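I have kept to what can be read from the coordinates.

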Amino acid sequence: MLKAIGVASVQEIFDRQVPAGVRLDRPLALPDGLPEQEVYEHLRALAERNTSAEQELSFLGAGFYDHYVPALVDMLCERSEFLTPYTPYQPEISQGGLQVMFEYQTAISELTALPVSNASVYEGPSAVAAAGYMAKLHNGRRRLVISGGVHPHTLQTLRTHARGYGMDLVEVPIRDAVTDARAWAEAIDADTSAAIFAQPNFYGAVEDAEALSAAARQRHDPVVVAQVDPIVLGVLRPPGECGVDVAVGEGQALGNRLDYGGPSFGLFAAREQFVRRMPGRIAGETTDLDGRRGFVLTLQTREQHIRRERATSNICTAQALNALAAVVYLSWLGRRGIVELGELLLARTAYARRALGSLEGVRPAHEQPVVREFALALDADVAAVRRRCAEQGINPGVDVQALSGRPQDQGLLLVALTERRSKSDIDRLAEVLGAAVAAEREAVGV
Amino acid sequence: MADASYPSELLYHPEHDWARVEGEEATLGITWYAQEQLGEVVFFEPPAPGTSVSKDAPYAEVESVKAVSDVIAPLSGEIVAVNEALADDPSAINEDPYGEGWLVRVRLSDPSERDALMDAASYSSSVGG
């Protein structure tokens with residue numbers, strides 16, 4: 001073989017192809033191999049260091065939430081017809097898979113009050129980035145205006161993608177935990193392709209979606225994008241009724257467990273005028289030669305196998321299994337159930353905000369309306385307080401500044417509620433958080 | 001339109017586009033051969049009036065059930081009108097490619113470019129017709 005390709009040794013292939021400056025001039029410093037049983041013990045010990053929401057009382061949120069997932073979701077998702085397939089290259093042979101996509105799209109379309117949904121994208125932040133790219137394809141403009149109330153990870157993702165799209169990102173400051181309306185309107189100029197906000201936002205606050213959309217409309221009419229938490233759409237007015245053009249979001253809360261951060265899926269729904277610019281796959285309903293109901297992948301000319309480098313996206317691997325969990329979950333909840341769940345979250349969140357906000361050294365970080373999550377301002381070091389709570393088996397929430405890196409977020413703790421956190425769980429959190437804050441203040445001599 | 005047809009009053013571009021030059025303006029479209037190759041056209045995305053088109057460069061897309069294809073400008077100029085009727089029903093591109101299926105009208109920036117285009121006989125023989 002070496003002779004056939006005209007080199008004397010394997011080393012010569014590397015010498016010729018890989019520049020000396022990037023080559024390692026010694027063997028990789030890897031430990032010796034271990035017997036399988038020792039590897040097992042090693043991995044078991046590593047796995048034991050993980051803590052799950054089943055083991056501690058967790059109020060973590062900020063995008064991923066510990067909702068109850070009914071057994072029905074696992075039962076259907078574990079069927080091999082759904083569990084094993086890779087992305088369908090001959091999709092019409094798998095009518096069940098296409099029907100699931102179609103039902104999922106229908107559910108997302110109803111939730112968001114937007115007529116077209118795709119069959120899902122990777123996850124929340126990349127869904128926002130995809131919306132930014134779609135806006136560029138739509139109106140050819142170069143700027144993305146984004147509210148500072150959007151999750152920091154989403155901002156980072158969009159910033160990374162925007163550079164590749166040749167777009168500039170303009171971040172609008174927040175004021176009293178919501179998008180500064182005046183700065184928002186001023187930031188939107190004639191070259192603004194999309195105006196993006198989160199509902200509810202990163203601080204748990206409900207934005208005035210109608211006012212933000214209307215202001216954008218009046219200011220040069222960019223594509224208005226809302227990043228939504230789908231589980232609260234039973235109680236919040238859906239984006240399609242607030243003047244929003246594109247609703248995107250993290251879908252994990254719908255029937256997907258935390259699973260240490262993934263996998264999950266992103267939802268993507270839009271007004272009909274955007275359908276040919278949308279990323280991802282879209283399943284459509286049709287009739288066969290005999291007039292029977294059937295399903296197809298529709299509008300495939302947008303996709304990479306036809307449009308090549310000018311495709312609307314290059315999402316090849318489906319998140320179909322995660323989206324299946326979502327549609328099973330939504331079907332299980334039903335139209336009434338998602339409203340009741342939203343009302344329950346509202347009630348528990350209001351109770352928790354009152355109970356925790358009245359503790360010594362703790363106050364609500366803002367007075368904006370909230371649904372399922374809210375920020376507290378602690379008069380103590382958040383990381384130290386969280387450590388003290390962890391000793392009591394409680395994770396009180398997210399250290400906001402640790403996630404955002406913003407100076408103004410110092411002292412903020414983001415507390416999320418789900419239906420799995422009962423009133424007595426909240427009372428227990430109040431007790432432990434109150435004690436932790438008091439102890440920390442005493443320790444540093446406040 | 002079932003049978004190949006290349007009207008003699010039109011000029012043709014090798015990328016299967018036609019131009020009907022009338023004074024300083026020209027109407028542009030795709031040829032019978034192009035629509036036959038594409039199959040049923042389901043969508044036409046026109047450029048905005050006022051934008052410039054350059055000879056040999058794409059200025060619009062036609063989408064058929066099989067593919068999305070660029071439409072190449074046979075002549076340079078500025079778009080003065082687009083066929084709005086195609087937005088709701090692009091089937092005229094298949095049924096009447098030289099009439100109701102016209103795509104855009106341009107004000108020519110360099111009328112001498114027409115000298116580089118083919119007449120119906122040369123285009124017809126280039127597509128084996």
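1. Tyr68(A) counts as exposed, because it has 11 C-beta neighbours inside 10 Å, and a residue with 12 or fewer is placed in that class. Please keep in mind here and throughout that this is a predicted model. Tyr68(A) sits in the loop that runs between strand S1 (57–58) and helix H4 (71–77) of chain A. Once its neighbours within four places in sequence are left aside, Tyr68(A) is in contact with Glu419(A) and Arg420(A). By contrast, Glu241(A), which is 173 residues away along the chain, has its C-alpha atom 29 Å from that of Tyr68(A).

2. As for the chain as a whole, chain A contains 15 helices and 17 strands. Its radius of gyration is 25 Å, close to the 22 Å that the globule rule gives for 446 residues, so chain A is as compact as a globular protein of that length. The C-alpha trace of chain A spans about 80 × 60 × 50 Å along its principal axes. Of the 446 residues in chain A, 44% are buried. Among the contacts in chain A with a separation of 6 or more, 74% are between residues 24 or more positions apart.

3. How do the axes of helix H12 and helix H15 of chain A cross? The axes of H12 (residues 320–357) and H15 (residues 423–443) come within 10 Å and cross at roughly 20 degrees, which means that H12(A) is roughly parallel to H15(A), since angles under 35 degrees count as such. The crossing in which H12(A) passes H15(A) is right-handed. On the H12(A) side the contact is made by Arg348(A), Tyr351(A), Ala352(A), Ala355(A) and Leu356(A), and on the H15(A) side by Lys423(A), Ile426(A), Asp427(A), Leu429(A), Ala430(A) and Leu433(A). Sorted by class, this contact of H12(A) with H15(A) has eight nonpolar and three charged residues, and no polar ones.

4. H15(A) also meets helix H13 (residues 382–391) of chain A, with axes that come within 9 Å and cross at roughly 130 degrees, so that H13(A) is oblique to H15(A). H13(A), too, passes H15(A) in a right-handed crossing. The residues that H13(A) brings to this contact are Ala384(A), Val385(A), Arg388(A) and Cys389(A), while those from H15(A) are Val432(A), Leu433(A), Ala436(A), Val437(A), Ala439(A) and Glu440(A).

5. Gly393(A) lies in the loop between H13 and strand S15 (394–395) of chain A, and it is partly exposed, with 13 other C-beta atoms within 10 Å. From C-alpha to C-alpha, Gly393(A) is 9.5 Å from Val432(A), although the two are 39 residues apart in sequence. Apart from neighbours within four places in sequence, the contacts of Gly393(A) are with Glu56(A) and Leu57(A).

6. Two peptide bonds deserve a look in the viewer. The bond from Gln199(A) to Pro200(A) is cis, with omega near -15 degrees, and Pro200(A) is placed in the loop between strand S7 (192–199) and helix H10 (209–218) of chain A. The bond from Gly262(A) to Pro263(A) is also cis, with omega near 0 degrees, and Pro263(A) is found in the loop between strand S9 (246–250) and strand S10 (266–270) of chain A.

7. The loop between S9 and S10 of chain A also holds Tyr260(A), whose phi is near 55 degrees, a positive value in a residue other than glycine. Tyr260(A) is exposed, with 8 other C-beta atoms within 10 Å. Asp176(A), likewise not a glycine, has a positive phi of about 50 degrees; it is found in the loop between strand S5 (174–175) and strand S6 (178–179) of chain A. With 11 C-beta neighbours inside 10 Å, Asp176(A) counts as exposed.

8. Finally, what does chain A present to chain B? Four residues of chain A are in contact with four residues of chain B, and by class the side belonging to chain A has one nonpolar, one polar and two charged residues.

Methods. Residues are numbered from 1 along each chain as its sequence is written. Chains are lettered from A and ligands numbered from 1 in the order in which they are written. This is a predicted model: local features need pLDDT of at least 70, side-chain atom pairs count only at pLDDT 80 or more; totals for chains, interfaces and linings use all residues. Helices (H or I, at least four residues) and strands (E, at least two) are DSSP runs, numbered from the N terminus. The radius of gyration is taken over C-alpha atoms; the globule rule is 2.2 Å times the number of residues to the power 0.38. A residue is buried if 20 or more other C-beta atoms lie within 10 Å of its own, exposed if 12 or fewer, and partly exposed in between; C-beta atoms are placed from the backbone. Two residues are in contact if their C-beta atoms, placed from the backbone, lie within 7 Å. Ala, Val, Leu, Ile, Met, Phe, Trp, Tyr, Cys and Pro count as nonpolar, Asp, Glu, Lys and Arg as charged, and the others, Gly among them, as polar. Axes are lines fitted to C-alpha atoms, for helices over the stretch in contact, and angles run from 0 to 180 degrees between N-to-C directions. Angles under 35 degrees count as roughly parallel, over 145 as roughly antiparallel, 65 to 115 as roughly perpendicular and the rest as oblique. A crossing is left-handed if the near helix is turned anticlockwise from the far one by less than a right angle, and right-handed if clockwise.
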